[in-house]
Every structure is written in C-alpha cells, then in structure tokens.
Amino acid sequence: MKILFLDNDGVICLSNNWGGRTKKWAKYRSANPESSSNIKEAPVEYRFDDFDNKAVKVLNEIVEETGCEIVVSSDWKLHATLEELGDYYESQGIIKRPIALTPNIQNCTAHSNLFIWSPRWELEQTRTIEIRQYLHDHPEVTHWVSVDDLNMGKIGEPWKDVWAIDNFVLTPKSNEGIKQCGVKEKVIKFLTDEEHKTNIQD
C-alpha cells in the first residue's frame, strides 16, 4: 500500500483561495436564517475554502501514476468527518476519496519522548508524531510520503532531525503548493522508488 499524507492549506488550497469560505458561509446563513451559527453544523461545502484547480490536477496525476491512497494530515480533520472530507474532495474534483485521517496527537502513543517540545515547531512536531502513529498502526504500508507547507523534513541539524521525517516534500510557496515546479516529481519518487520502500519510522 502506498500512502500520501496530504495537508490542504498551502498544498492544494492555495493563498488565492483563502477566505472564500467566509463568503460561502455568509451566503448560506442568508439563505438559511434559522440555521445554527456554528459553522461546523453547516453542510461541508460551506465550511472550507476551495481547492486550486491546477493543484487538484497535479494531485490527480500523482494518484493515477502511483496508485496511492490519500490520508488527510491537515488540521481540516478537526472540522469534518472522514466521510464529509471525502464528499468535499470529490466536489472539488479529486478522483479519490481519502481512506483515513491521521490520529490526533492525544491518541498517539508510539512516538519517542527523547526530544524537547518547542513552541516554534509545535505544529510540525505534532504532525510528524501523528504521521508516525498512523504508520505504526498500519504495517501494510510499503511506500509513503508527506506533502505539507509546514517544514517537517530533516535539515542536517540534530535538534530538529530527531523528530523530523525522511519521506517529506515541502511546498514553501503558498500560492503554488503542489503545482510548484519539481514537487510532483519528488512526491512520485517517494511513492515508487524501491529506495524508499518501507522506510517507516517508529
């Protein structure tokens, strides 16, 4: 099994899309004045910003070429169920529904406590632990890669590399995400090369 751990913001939901949910939410509330003021109770299509069409195209090409499955590592998982996110992915043009969400940090037990938590890197550390827990719980995974705009990769510094992950592709440009030149090829390499097979970190 090949797994793509997918973040949304900065990867397929780009900076030119950010804030669009505010307009969608206002339109929904106007048409449904009796509805709850809690956005989590609205239909899923009103809760999130749209995905970038070209970024979705690149993601679909990766899925088609590698046969990978999608596991959502984005914090969007805190605002919708797996089924709801699957519906949203389909509505945005993604050809495969995600098969799972990474576990939340409070449910992770497989990580090492041999590093110091840093306020600067808390989001990155949390996400790497959640990914490691998923891999620990699913030994059937043969290839995997995480794609994120949070830098969870190794940089040659012991203080960071002790918790960073190897199978990682950074999307540093929030307006380009996964469609940035070279990103697609890096992702596919992790998902297809024997060199990266079963490189699972506990």
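**Entry 1: Tyr-88**

I looked up Tyr-88 in this predicted model and found it buried, with a relative accessible area of 1%. Next I checked its ring against that of Trp-76. The two form a tilted aromatic pair, 6.2 Å centre to centre, with 55 degrees between the planes. I noted where the partners sit: Trp-76 is in the loop between strand 2 (69-72) and helix 3, and Tyr-88 is in helix 3, so the pair links distant parts of the chain, 12 residues apart. Trp-76 is buried as well.

**Entry 2: other aromatic rings**

I ran the ring-pair count and got nine aromatic pairs. One of them is Phe-51 with Tyr-88, whose centres are 5.6 Å apart. I asked myself why this pair is edge-to-face. The planes stand at 80 degrees, and edge-to-face applies because that angle is over 60. Phe-51 belongs to the loop between helix 1 (20-31) and helix 2 (53-66), whereas Tyr-88 belongs to helix 3 (residues 82-91), so the contact ties together parts 37 residues apart in sequence. I list Phe-51 as buried because its relative accessibility is 3%, which is under 20%. I then grouped the rings and recorded one aromatic cluster made of Phe-48, Phe-51, Trp-76, Tyr-88 and Tyr-89.

**Entry 3: Arg-47**

I looked for Arg-47 and found it in the loop between helix 1 and helix 2.

**Entry 4: nonpolar cores**

I turned to the largest nonpolar core, which has 33 residues. Which members touch the most others? They are Ile-12, Phe-51, Leu-59, Ile-62, Ile-94, Ile-178 and Val-187. I traced the core back to its elements: strand 1 (2-6), helix 2, strand 2, helix 3, strand 4 (143-148) and helix 6 (183-192) each supply at least two residues. Helix 2 gives the largest share, six residues.

I took Ile-178 as a test case and left out its neighbours within four places in sequence. The remaining contacts of Ile-178 are Val-11, Ile-12, Ala-55, Val-58, Leu-59, Ile-62, Thr-171, Val-183 and Lys-184. I also logged a second, separate core of 13 residues, with Phe-5, Ile-131, Trp-144 and Met-152 among them.

I read off the strand order as 3-2-1-4-5, in an open sheet of five strands with parallel pairing. Strand 3 (100-101) and strand 5 (168-170) are the edge strands, each pairing on one side only.

I went through the pairings that I had listed. Strand 2 and strand 3 pair in the parallel sense over two bridges; here Val-72 has Leu-101 in strand 3 as its bridge partner. Strand 1 and strand 2 pair in the parallel sense over four bridges, and Leu-4 stands opposite Ile-70 in strand 2. Strand 1 and strand 4 pair in the parallel sense over five bridges, with Ser-146 in strand 4 as the bridge partner of Phe-5.

How many residues of strand 1 are buried? I found four of the five, so strand 1 is largely enclosed by the rest of the structure.

Terms used:
Residues numbered from 1 in each chain as written. Predicted model: local features only at pLDDT ≥ 70, side-chain atom pairs only at ≥ 80, totals over all residues. Heavy atoms only, no water. Phe/Tyr/Trp six-rings, centres within 6.5 Å; stacked < 30°, edge-to-face > 60°. Buried < 20%, exposed > 50% of the residue type's maximum accessible area, 1.4 Å probe, protein only. Core = buried A, V, L, I, M, F, W, Y, C linked by side-chain atoms within 4.5 Å. Contact = heavy atoms within 4.5 Å. Pairing = 2+ DSSP bridges.
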